[in-house]
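Here is a short briefing on a protein model. Look over the sequence and the structure first, then work through the points by topic.

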Amino acid sequence: MRRYVIIGSGAAGVAAAETIRTLDPTGKIWILTGDPHGYYSRPGLAYWLSGEVPESQLYPYPNEYLRGLNLQWHVEPVTDIRPDAHLVDLKNGKSLPYDRLLIATGATAMMPDAPGINLDGVVKLDSWEDTQHILQRARRGQTAVVVGGGITALELVEGLAARGMRVHYFLRGDRYWSGVLDPTESQLVEERLSEDGVIVHHNTNLLEVLGSGGRVKGVIVQEGDRSYQLDCRLVAAAIGIRPRIELAARAGLGVRRGILATALLQTNDQDIFAAGDVAEILDPISGKALLDSLWKPAMKMGCVAGSNMAGISARYTKLSPFNVTRLAGLVTTIIGQVASQPEAGAKDRDLPGVIMRGDSEVWRLMPEAVVAQSYREGSRLRLYIRQNYFAGAVIMGDQTLSRPMEQMIRVQTDISAIREALLAPEAALIDILSPFIQENQNSYAVKVA
Amino acid sequence: MFALLFNDTSQKREVLAAGRVVPETDRCVQCGICNYNCPINIDVRLHALRGEPVHDRHCLTCGECVLRCPRGVLHFEANG
């Protein structure tokens, strides 16, 4: 009977356990986790914070389903992996033997390096515990400060505003998420935040968090040339995440920013696998090893790793990453390579060289492509066109085109017939794309299948 | 103007009555907002996870799940 040990109870870990159980009905599967709250939707935490969903709805699987998988689920942190002995050491002093091991430890939120950052009232949105921590401290009418960029920072801004807090959003650069959005899209998001009463500050750095009796009472910030104090009760940060590679590094496995893994999701030890946010995998399009922090790819990696652990060969192919999210109320789909062209080389000062949750490094690759964009009634479409296919797209607002765009990017549909029209000045992209999509629907549907 | 509005509404009803909710599984992050907003407690999320249309005969096609999903996972498709 094969013994499987999975470290981590997130999307990748649970998907791996499900796959293993399907392929090996009698194997013994342990899930070891430091999170006592079971398997919940991590992206759903933002909606718990905003009040759109109660905590009780965050659990995708009924308990009986998880029980049916016959897993040995232990809330017990792992302190060390000993590859030579095929053992993991647990915090309680015991050791557990394995035949196949999966490291699916995810990533952890980084916190700003500022005095006072450990005060009660400095929060992040990383886990069930963090969300509850915020909700216990969020008071209607009080002031909150949010620092950081990307999706999570905005979720904090919107969630705290929905809870009735007066929110100041500090951006270190001159616009929101400059690594992925273009100036018009950033402006669209910022305008909508302002309409909702959020006060957006540009070129502003958090210098210090001030406290009284161990609790946050304000911040000192530098905004342009002047520094000043702002009273607040909550400081929320989302400045990036860091893959949890410590166990792997101590065990002598190959690590860089994440744990290096092959397409089989195998590390440099043939019995140890890595999946999810912690895994760093080669992107076949760019030829670079890149990180993703996306729910669905994490699940897919878990399935592939689980299959290989159970002895059924499977390969993980990194597809054009895409995420659908809401930015200041605008549903936004980001697909493929979309780094904003006019600011080539410009750094996102809110996320300097790090990855966020809901983020993919592939998005920030500069496509060798030309850009076409159009804006109509609160909806915006930006396309990257390489030779005769789409390399990436950002679709904000109306999502009618997002499904066909995603498919066309994935299968690299030949767009020679409309390329010139799309690149004409002031081109009405939607009017050009709609009939093309209609005509080509069957052909790319077949390719996808 | 009113004729136009009326026309739009009746068309929409027709689509709902003849349609079903179809998920796009790759977009779903299993947040549970669909389940929470379903007036008759259909496990829409499970359908989304499995990539199956909501074929529950109790489904009212009221559109709450489609409307509330923050990631555009769900859409109506005509039966056929």
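This is a predicted model: local features need pLDDT of at least 70, side-chain atom pairs count only at pLDDT 80 or more; totals for chains, interfaces and linings use all residues.

**Confidence in chain B**

- Chain B has a mean pLDDT of 80. Of its residues, 76% reach 70 or more.
- Among the elements of chain B, helix 2 (residues 33-37) has the highest mean pLDDT, at 97. Helix 1 (residues 2-18) of chain B has the lowest, at 46.
- Over residues 1-15 of chain B, pLDDT stays under 50. For this stretch the model has zero contacts beyond four places in sequence.

**Where the chains meet**

- On the chain A side, 30 residues are in contact with chain B. On the chain B side, 20 residues are in contact with chain A.
- The size of an interface is often given as the accessible area lost when the parts come together.
- Here, the area buried between chain A and chain B is about 2,100 Å². Carbon and sulfur atoms give 48% of that area.
- Which residues of chain A lose the most area to chain B? They are A:Gln57, A:Lys296 and A:Arg403. Together they account for 28% of what the chain A side buries.

**Nonpolar cores**

- The largest nonpolar core holds 105 residues. Within it, A:Ile81, A:Val88, A:Leu160 and A:Tyr169 touch the most other members.
- Another core, of 24 residues, lies apart from the largest one. A:Val331, A:Leu383, A:Met405 and A:Ile418 are among its members.

**A three-strand sheet in chain A**

- Strands of a sheet pair through backbone hydrogen bonds, either parallel or antiparallel.
- This open sheet has the strand order 4-5-6, with antiparallel pairing. Its edge strands are strand 4 (78-82) and strand 6 (95-97) of chain A. Each of them pairs on one side only.
- From one strand to the next, the twist averages 20°.
- Four bridges link strand 4 and strand 5 (residues 87-90) of chain A. In one of these strands, strand 5, A:Leu90 is the bridge partner of A:Val78.

**A closer look at A:Asp126**

- A:Asp126 is found in the loop between strand 9 (122-123) and helix 4 (128-137) of chain A.
- Is A:Asp126 buried or exposed? A:Asp126 counts as buried because its relative accessibility is 8%, and buried means under 20%.
- Leaving aside neighbours within four places in sequence, A:Asp126 has contacts that include A:Arg42, A:Arg244 and A:Arg357.

Conventions. Residues are numbered from 1 along each chain as its sequence is written. Chains are lettered from A and ligands numbered from 1 in the order in which they are written. Side-chain values use heavy atoms; hydrogens and water are left out. A nonpolar core is a set of buried Ala, Val, Leu, Ile, Met, Phe, Trp, Tyr and Cys residues joined through side-chain atoms within 4.5 Å. Buried means under 20% relative accessible area, exposed over 50%, partly exposed in between (1.4 Å probe, protein chains only). Two strands pair if DSSP finds at least two bridges between them. Helices (H or I, at least four residues) and strands (E, at least two) are DSSP runs, numbered from the N terminus. Axes are lines fitted to C-alpha atoms, for helices over the stretch in contact, and angles run from 0 to 180 degrees between N-to-C directions. pLDDT is the predictor's confidence in each residue, from 0 to 100. Contact means heavy atoms within 4.5 Å. Buried area is the accessible area (1.4 Å probe) that two parts lose on being put together, summed over both.
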